[in-house]
Amino acid sequence: MAELSPPINTRSQLAAVMRLRWLLFAHSLRTTRGKMELASRILVGIAFAIGGLGGGSALAFGAWYFVSHGKADYLALFLWPMFVFWQVFPVMATAFTNNPDSSDLLRFPLGYRSYFLVRLAYGSMDPATALCSMWLAGMLLGIGFASPTLLPWAALVLLAFALVNLLIMQMVFAWVERWLAQRRTREIMGVLFILLMLSFQLIGPVMEHFDKRSSPEVRRLVELLVPVQGVLPPGLAADAIAQLARARFMVGFSSFLLLCAFGTAIGYFLRLRLRAQYRGENLSEVAARATLRERSSFRMGWKLPGFPPSVAAVFEKEIRYLARSGPMLLTLIMPIFMLVIFRLGPMSRQGSFFARAPNMAFPAAAGYALLILTNLVYNNFGGDAAGIQFFYAAPVRFSQIVLAKNLTHAAILIVEVTFAWTAVAYLYGPPSLDIAAATLAALLFAAPLNFTVGNLLSIYSPKKLDFSTFGRQRASQTTVLVSLGVQVFIVGAGVGAFWLARSYANFWIAAFLMSALAAISLTAYRLVLKRIDRLAMEQRETLVAELCRA
């Protein structure tokens, strides 16, 4: 029978994948959610296009200046930020990434070469790749204007540099997904990731420390770093172009070969991981127990005074799930950590905002504490995944389930605000009574408004959270844009109220204005919560289809 079916070449398989992606996109436009996603992507695409064209124009001028003045080595000053952005942005801004899961294609008779190319193609759709490609094109244009004879060689080097960045990004994602496939390593990676993000906040204090040091010490540090950066992709690409501009062909060609060797090594490690996936590697974290331990007694569930047992049960489930998440626990210290950074960094200087208005530290910390809950608030059922079916099957009203999730988020917010008040009192002094009252009133306005919009988006635009994947979208584009608009509105209202109160030297004005807005926000929350049962039944197909997909 094998002789009767002709072999399928790579081109046909890639064409089939492209047609599949196009049909999925075209069919998604038949739904209201698909049309909203398309509109959101167009708006985000316009924003990225403006950033790409603006950055490309600036880089074109910079590249022209350095090459025309015989300073092509300084192109590394452009390539290094681009290299860091290319690798860090997909991790930091997962809300704007929409890389499909290429492992879904393994259930079809797809060749390994086609699978490898599809994985690279999916990576090239990342916004970071699009932006950096436009910036590289701008650099190439500037180099071409400065030295037309250098244009072909610069195009080859920058193309190799782009491929190396793409391979590094895919290799990191592939190996991190391998570590995220199991719970223990997932928790370790989550903690390390949060610590890495926290370390980025220390850049300001560190740079300020070096500014205070003598210039010979700083010059000695730069002399140590220059040779190191020269053997990494950005330095190799800049050196390859600079050496050819000086007619040192062999030296420039050797730097290009080292760049290609670097990309080959990265591609080899990427191949190891993708080859294991292609051969059906299954990293299940469920292990059978050797013996079943019998429990002599049952533990009773929690009780919340004033709430039915169903609300208390969901609240307990949410708290227990979050308590077992190391990254989630680390986020609780983020407001305190940022206050310490502001206290030790440039924000502590005379004339800075917090130095002139230390009373504003508590409102800023409280607002930041609410902001870090956005990922949870605007996708209530993302972590439940296929468990959404049990919510529909259970004899419980959906409004009670949503209320329990909102109570969980409110409890986390209360804990974080309490920690923030303690840190502010220690670092800046206790906030005055009127400032504290205005801040709490602002939270009573902002939190219910976020919960209201988050509950609606959780029903109409859900997104399954797969904690074993890395660098993929954590929320739909519609959710991202709407939540961004809500935060802009909340910040604008809060800043306006506090500015008005500060102008009259009476922050009780801000407390009164925020209390009035809080009354409206709480009313809207109650109205939406009463209609959640009907909305959940109307959108049950959307919820189950999105959250239960493999």
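Phe61, Trp64, Tyr65, Leu141 and Phe145 make a nonpolar surface patch of about 570 Å². Such patches take residues with over 30% relative accessible area and no salt bridge, and join nonpolar side chains (Val, Leu, Ile, Met, Phe, Trp, Tyr) within 5 Å. A salt bridge is a side-chain nitrogen of Lys or Arg within 4 Å of a carboxyl oxygen of Asp or Glu. Areas come from the Shrake-Rupley method with a 1.4 Å probe. Helix 2 (32–68) and helix 5 (127–146) each give two or more residues to the patch. Helix 2 supplies the largest share, three residues. Leu141 lies in helix 5. Helices are DSSP runs (H or I, at least four residues), numbered from the N terminus.

The model is predicted: local features need pLDDT of at least 70, side-chain atom pairs need 80 or more, and totals for chains, interfaces and linings use all residues. Residues are numbered from 1 along each chain, and side-chain values use heavy atoms, without hydrogens or water.

Now the rings. Tyr65 also belongs to one aromatic cluster with Phe66, Tyr74 and Phe78. The structure holds 16 aromatic pairs; rings of Phe, Tyr and Trp (its six-membered ring) pair if their centres lie within 6.5 Å, and planes under 30 degrees apart count as stacked, over 60 as edge-to-face, the rest as tilted. Phe66 and Tyr74 are stacked because their centres are 5.5 Å apart and their planes at 25°. Phe66 is buried at 13% relative accessible area, while Tyr74 is partly exposed at 44% (buried is under 20%, exposed over 50%, partly exposed in between).

Phe498 and Phe507 form a tilted pair, 6.1 Å centre to centre with 50° between planes. Phe498 is buried at 12%, and Phe507 is buried at 11%.

Conventions:
Buried means under 20% relative accessible area, exposed over 50%, partly exposed in between (1.4 Å probe, protein chains only). Patches are made of residues with over 30% relative accessible area and no salt bridge: like charges are joined within 9 Å, nonpolar side chains (Val, Leu, Ile, Met, Phe, Trp, Tyr) within 5 Å.
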